[in-house]
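Trainee: I am new to this structure and would like to understand how its descriptions are reached. Could we go through them with the definitions at hand?

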Amino acid sequence: MILKGYNQIMKLKKIVMVIKRILRGAKKLLNLAWQMDKKITILYYFSAAIGALVPLAASIIFKLLIDYLQAAQSANLVTVPIIITFSLSSWYLVTLIENLVYFGYNQDYLDFLFRYKLQNEITLKFHNKISNLDIAYFENPKTQDLITKTRDTMQWRLPDFLRTLSYFFRDVIGYLAAFLVLLPFGWWIPIVVTLVTLPRLYLKAKYGAIQWSIWGSGAPQARKLWYFNHLLQEPTAVREIRISQSGKVLLNKFKDIQNYLFELNKKPLDTYLKVSIIPPLLEVLAIILIAYKFLPSVISGVLTIGSFTLIISMLGQLSSRAANASARIGEFYENNLYLNHYFDLLSLPALIKISKKPVILKKSTPPKIEFRNVSFRYPGGPKVLKDVSFTINSGESVAFVGHNGAGKTTIVKLLCRFYDVTEGEILINNVNIKKLSLSNWYKYLGTLFQQFVHYHFTVRENITLGAPNKKDDRAIKEAAVKSGAAEFIEKLPKKYDQMLGRQFEEGEELSDGQWQKLAIARAFYGKPPVLILDEPTSSIDAEAEYEIFNNLRKQYQNKTLVLVSHRFSTVRNASKILVVDHGQIIERGSHKKLMKLDGKYAKMFTVQAKGYK
Ligand SMILES: Nc1ncnc2c1ncn2[C@@H]1O[C@H](COP(=O)(O)OP(=O)(O)OP(=O)(O)O)[C@@H](O)[C@H]1O
Ligand SMILES: [Mg+2]
């Protein structure tokens with residue numbers, strides 16, 4: 001017995017918690033709308049309130065009309081035509097107001113404007129946040145998931161929430177007004193009707209909460225479904241799946257998850273269906289009883305027929321408004337989930353703290369780069385760099401080699417300060433990287449990552465995006481020639497103005513190697529003092545690669561070149577080679593020196609060279 005009571009209290013507590021969460025979400029979203037456009041927000045909710053009051057006014061006018069007609073019947077009044085014309089026209093006027101203000105202005109006009117503006121504001125805020133979000137968040141599956149979900153749902157879920165809120169607001173206003181109209185006929189009437197609608201509210205809240213928690217418990221599966229949705233239409237995946245014929249297996253998995261989530265959601269709905277008959281029965285019963293109670297007064301003439309009609313219509317109004325308002329709870333629950341995603345994303349804290357008085361590098365010559373006893377682990381992961389120390393002098397060309405997963409790309413990421421080191425320090429011209437102004441530091445860097453972007457823009461834009469502030473046609477061509485891209489660009493119908501990719505009309509698709517050459521041209525274009533290329537030539541044929549690197553070396557005589565590569569034919573020409581092995585630098589020096597050392601490098605080199613013989 002005590003346990004049962006305890007359980008009930010816990011359930012109630014849970015419901016209260018969820019309602020609190022919804023209120024918090026509503027407050028944040030309303031605040032956003034308010035900041036966006038105060039006028040439109042007020043008008044939107046104000047016209048919704050008018051929409052609630054108009055039917056009430058119509059009922060009151062109707063009551064007056066009936067009362068008057070009743071009086072006229074017994075007293076043979078001469079003003080009958082005037083009064084009837086007057087009340088009928090005011091009745092039509094009220095309906096007209098409803099049509100104009102609620103259905104016309106609120107529903108057709110404001111609803112569209114408010115929604116459209118809100119969607120723009122929401123997406124703008126989202127992209128603004130994304131563009132400043134630490135790179136680490138994009139590499140973390142959890143936040144990546146949050147980003148995808150928010151992106152896919154914010155545009156309609158958030159405006160939906162505010163629309164539901166306006167319906168809810170209208171119901172509440174309508175309810176309160178009916179409450180007040182009924183009060184003079186007996187204070188107990190609205191209270192009885194309210195009490196009778198409580199079971200409906202309770203059931204809605206309870207089953208809403210159950211569905212809500214299902215969402216929580218089914219979330220990993222829902223996430224998987226989301227992933228499948230993405231995977232099954234992703235071009236590279238489609239190709240692979242087609243040949244390996246794994247489509248059926250994957251689709252079956254997809255279907256299993258769909259079914260699982262469907263059943264999970266259906267169960268509480270089934271139970272709800274059984275109990276949902278109770279609230280309307282109670283409500284109808286209460287209305288009939290109240291109406292019955294007034295009948296004697298109507299017959300005896302104490303209560304006018306008009307008042308009686310008003311009571312009946314207000315009772316209907318009261319219970320239907322309450323029913324409607326509680327039905328909205330489910331919608332609130334659901335949309336609030338997406339609302340939370342959105343605001344969770346917006347409130348992700350910055351991981352990389354920028355120094356309050358950042359140091360600005362002034363010289364245009366490449367700075368000296370030094371890793372001093374650097375260790376690093378990705379959030380929640382094991383150490384991937386262990387006590388790494390090296391120096392890259394101004395204008396030096398350095399190559400990193402090592403097995404897959406050795407930590408080469410991680411070193412590059414630290415150099416770009418996508419992450420902060422776990423131990424040790426990175427010094428740029430003897431200044432800790434944490435003290436540098438990042439936007440200033442990035443002006444010194446040109447980077448090409450293993451995974452790079454295929455911009456579905458023109459060739460010209462693909463190149464100039466490397467240094468968007470620079471406008472130099474000759475430099476565009478020069479970058480294209482040096483990266484080996486010029487050759488295929490000249491053969492494109494519109495050359496440098498050729499649209500690329502299949503996203504838009506007239507776009508030409510390039511081969512992987514051609515895209516890569518273009519990406520090198522992009523990194524090249526700004527002639528950054530420090531150029532970092534992380535496996536820039538994996539899709540480029542050996543001959544072209546040789547050419548590109550000859551050009552690169554010429555170009556980068558007095559600039560720093562950092563190269564990560566698995567191709568020793570390229571690596572061997574670097575002035576300094578750093579061999580990374582399981583997160584440590586195990587050998588360093590020129591090709592000659594490392595060959596003489598006859599260690600790991602020499603072994604790897606020989607294995608690859610043998611392959612070419
Ligand atoms: N975002 C990440 N989160 C967690 N661990 C990561 C992340 N990126 C890389 N790692 C781990 O860090 C280690 C080093 O990875 P890194 O990408 O630096 O290797 P790499 O030397 O560039 O390899 P490759 O030659 O394959 O490009 C690997 O064990 C990898 O699993
Ligand atoms: Mg790598």
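Mentor: Let us begin with Phe 390, which, leaving aside its neighbours within four places in sequence, is in contact with Phe 371, Leu 578, Ile 585 and Arg 588; two residues are in contact if their C-beta atoms, placed from the backbone, lie within 7 Å. This is a predicted model, in which local features need pLDDT of at least 70 and side-chain atom pairs count only at pLDDT 80 or more, while totals for chains, interfaces and linings use all residues. Residues are numbered from 1 along each chain as its sequence is written, and chains are lettered from A and ligands numbered from 1 in the order in which they are written.

Trainee: Why is Phe 390 called partly exposed?

Mentor: A residue is buried if 20 or more other C-beta atoms lie within 10 Å of its own, exposed if 12 or fewer, and partly exposed in between. Phe 390 has 17 other C-beta atoms within 10 Å, so it is partly exposed.

Trainee: What makes H9 lie largely in the open?

Mentor: Of the 29 residues of H9, the number buried is one, and therefore the helix lies largely in the open. Helix H9 covers residues 247–275 and reaches 43 Å from its first C-alpha to its last, close to the 42 Å expected, where the expected span is 1.5 Å times one less than the number of residues. Helices (H or I, at least four residues) and strands (E, at least two) are DSSP runs, numbered from the N terminus.

Trainee: How do you know that S3 and S8 pair?

Mentor: Two strands pair if DSSP finds at least two bridges between them. Strand S3 (residues 397–402) and strand S8 (residues 560–564) have four bridges, in the parallel sense, so they meet that definition. Val 398 stands opposite Val 562 in S8.

Trainee: What makes S6 and S10 the edge strands?

Mentor: Strand S6 (445–448) and strand S10 (584–589) each pair on one side only, in an open sheet of six strands with the order S6-S7-S8-S3-S9-S10 and mixed pairing.

Trainee: Which residues have the most contacts inside the largest nonpolar core?

Mentor: They are Val 374, Ala 399, Ile 463, Ala 521 and Ile 577, in a core of 65 residues. A nonpolar core is a set of buried Ala, Val, Leu, Ile, Met, Phe, Trp, Tyr and Cys residues joined through C-beta atoms within 7 Å. Its largest share, eight residues, comes from helix H17 (residues 512–525).
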